[in-house]
Structures are given as C-alpha cells and as structure tokens.
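Let's take a walk through this structure together, one piece at a time. Have a look at the sequence and the 3D view first.

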Amino acid sequence: MRAKRIQDGLRGMSDLADIPDESNGRVFISHASGDRALADQLVSALEELRVPCWVAPRDVIPGEEYPVALAKAIDECEVFLILFSTAADSSTQVSNEIERAASRSKPILLVRIDETDPGSNSRTGFFLTRHHWFDATKGNFEDHLPTIASAARQAVERHRSLQTGPSAEERSDDHLGEKASRKTPSAHRSIGVEIGATKVRACVLDLEISDDSALHDIPMYFEALEGTINARTIIKQVEKLVAKVMEEHFKDTMPVGLGVAAPGQIDMRAGTLKFGPNLFHARNIPFKTSLSSSFPGVPVRVDNEVRCHTRCELHFGVGNDFDSFACISVGTGVGSGMVIDRQVYFGHNFCAGEIGHMKIASSGSPCSCGQIGCLESFIKAQAIVDRAVAKGVEWETRGLKTLLTDLEGDLTPEAIVAAIEEGDDAAQEIANDAAIYFGLGIANYLNLFNPAAVVISGGVMSGFFFPMIDQITDTVQRNALAEVNNTPIVQSGHPIDGIVIGAALLFHPDDVWPV
Ligand SMILES: [Zn+2]
C-alpha cells in the first residue's frame, strides 16, 4: 500500500534518467537514530526516483569507523537532507553532520517532522534557517514523500550542473543582481574585515599603495558585537558593516575582493572558520558561503587573523627589510604567521604557525585547545592576569607591598604594565616569568624555521614588549642554537590595524593564494 502511494505520487517522473552513483551516494540522509523508520521511507522514495542515497547505518562498510564514514559520505554527497526533529536537534552527531555539510557548502534540504524550531539551536540554527525546508508535520508523512523526493532530485541536478560549469568565482558572477552587473570591478581596491571577540572592523585598501604613511588615511569602520554572540550574530554584523562600506565606497565599482580575518583554524577552500577557541569556541562558521550570497559578484577569501597581520608586515612592515620572517601575536590567544621568500606559508592543511599550542611544559592549566603545556596557556592575556592575582596574594602573605593587590578586581595586562612603570617589583616578576616562557617558544621557532627576523604583535605585547624584551632575548640566547640566537626580535609597527589591513591584502596581486 505504502509503495503504491509513493509510486502514484511519483508517476510521470519515471522516465527520468538515472543519476550515476559514482561515489557513496548523491543525497546524504541525516537523521537521529529514533527517526530511522522515517529515514528508511524517505530513502525508498528517493531511490524510486533513481536518486541514490547514503544513509547510516545501511551504507557504513563493516569495520569502517562510524564518524569517519559519515564525514567522508557528506564530503562526497551533492545534497544534504536532514529529517529534523527534537531528537535530531539534541543529537551531537547530527549537529556535527550539519556543520560539516554547511562548511562544505552543500545544499541543505530540511524536512521538519515535529514542532521543533530549526532556528532555535544556537549551534546549528543559522545553517538550517538559511536553507530550504519542508513541513511534514501535518498529515501522513508518506503523503509528503513525492514532493520531498522531487525537490531532492532537482537539488542534485542543480548542484551537478554547477559542479561541471564555471569556477566558484565565475558562478558567483552568474548570480549578479542587475544593479551589481552594471558595476565594473575596481582593479586595485579591496575590503578587509577583522572578526574580533567583541567587535568587527572593516577597511578599504588601495592595493597599489606601498608607502606605510598612506595607511593612516584609509577608511576604517567598527561594529560592536552585542547580546548573544554566535555564528548568526557575527555574520549579520559583518554583513551590516560590509553593506555600509559598499554603499559608501563602491557605488559605481566593485571591490577586487572581500578578505576576512578570523581567529582560529581556517578551511581556506570552504572559506570557513573551522574552530575558534577564543571566539566562543565557534565551529564551522561559513563566512565565504554567507558573504558570497549577500554580496554577489564579490570574491571572498578567509584566513587566520595572525597570518593576515603577517601579510600586513610583509607589505608595510618588516617585509621592507626581510624576505623571510615570523610574526608572533600574543593577545587573547597566541598565534603566528611565517613568510618564506616573500610568500605566506600556510601548511598542508592551512594550520601552519600554531605556536600557541607548541608544548613547552608537561603541566600547567588546561589550554583553550583542551591540552596541557601549550605556550598559550602561560603567556596569553588571561594567564598573565591570573598569575598576577596569585603573585599579589603571595606577596601580601609575606608582608610585602605590591600594587598588584591594590588593583585586585581591576587587574588587566595594561594595569600590570602601569605597575611595572611605577617600579613595582612583583609586577616586573610577572613580566619576567612570562618572558621566559615566550623566549623558550621563540627559541624553538628559530631552531625549526631560521627566519631572518621575528616581529611581535598582539594586544598583550603592545604594552609588555619593553618590560619583557630583555628577558626574552636572554632566554633566546641561552636556548636557541648559536647560528640563530641573534635573530632580531622587533615590535610590530601596526599594533592596531595590522589584522584588518592584512585581511584586505588577501587580494594583493603579488601574493599567491593557495586554493
Ligand atoms: Zn593549546
């Protein structure tokens, strides 16, 4: 009876050609284990329509690791279809599947099978509300199958024609609105965007300028992040800011591109922030997909924030003197960028330069990455403040006076630097301790990469550079190989705007973009 109803619903579509099943399947069916019976019905309906499906557990090869099999299948599928229910909404496995599909820019079809709101989940709602969805909560589920199966088939065909058509950037041009298509591209002006934990910034940069002094006059914009900060609010604020920049600077032309600097590990192919431990532990924010759809015709590139700062140093800083150098940033987190022969080095998986997670101890507080002994857990802003609080208590119990206890409650890196400037010995000890750890990290870096110079940037080091540099230099000289231990260590000349300018430089004509 069920099969007959589906066949009736699909009648007239039976002359459709088969969609070749070249990989694991064309439509990935995501579902919570409790919704398996409905998932099986959906698979039957789709396969009646000659649309091959991949569904677990049916298609997991015996012996294959479950999460690996699911991830591989999502990457190979052309459309991601989710049966959305209360059970699916609360399943970590289903959340991971949604995020992976979104980060791979897969079309997402959502079939709602109970009253749960697809937009209410702070982790995945953003991806789901931006995609097509069907309400299968009313009536018999089987009655909805022909519509869903037909839509899935169309989505597969549409996606396949795009895959064999023009490149991604050319596709973006295909979608130009009428207003945008009348604009001519600007060959040399780009937009840079910096994603911070509390605000987003943007700038417009003329890529033909080479004089540092011209940077003082470039247009800068800010937007505070307010309320609940999640993928949805961040993307909304970025879109708002870029819309303002476009309105004011690109009325009659198009920017050569829009560069985004984000804190954390980046999938540069997908243009996604894969993991931002210092940005509400964000996972898989699809900056490129979202911004490309909001600003059709504008190419979008996304990179790690410290690598963007490194790019600013390459074009407007130490790059004037050195063809190979390292840029290390210490702030909320710790990261680095590496320039080799005037090109930024990305690494096999775009994760090069994570000096913050270089292991320099076998104990200590847990790092934001979840491990122990990372350099970041000893020298990031919060680590320095925590040690200053403990140092204040220690001095007080020994009957010694220090400004650190007077400041308790308002202790910030800036306040500790101010105490050092007042001649406070306890505060200077905090700087010396952090400088030893930082010096060890730099010594390891020099031994491994042998850069011609190291440039130091980031919020913490703009104040701590001078209080720390003697101890850093001493530690480096005692721990790095003799051939590299005199490498110049200099302060960044762009402590405030280096990241956002570097984001705009993602479109510099002299730089190779790796994807
Ligand atoms: Zn770590």
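How many bridges join β12 to strand β13? Three, and the two strands run antiparallel, with β13 covering residues 272–276. Before going on, note that this is a predicted model: local features need pLDDT of at least 70, side-chain atom pairs count only at pLDDT 80 or more, and totals for chains, interfaces and linings use all residues. Residues are numbered from 1 along each chain as its sequence is written.

Strands here are DSSP runs of E, at least two residues, and helices are runs of H or I, at least four residues, numbered from the N terminus. Two strands pair if DSSP finds at least two bridges between them. Now zoom out: the open sheet has three strands in the order β12-β13-β14, with antiparallel pairing. Its edge strands, β12 (265–267) and β14 (282–285), each pair on one side only. From one strand to the next, the twist averages 15°.

Next, the helices. Helix α17 (residues 425–449) packs against helix α18 (residues 459–479) at an angle of about 45°, their axes 7 Å apart. Axes are lines fitted to C-alpha atoms, for helices over the stretch in contact, and angles run from 0 to 180 degrees between N-to-C directions. So α17 is oblique to α18 (under 35 degrees is roughly parallel, over 145 roughly antiparallel, 65 to 115 roughly perpendicular, and the rest oblique). Among the residues making the contact are Ala435 and Phe438 of α17, plus Met468 and Ile472 of α18; contact means C-beta atoms, placed from the backbone, within 7 Å.

Methods. Contact = placed C-beta atoms within 7 Å.
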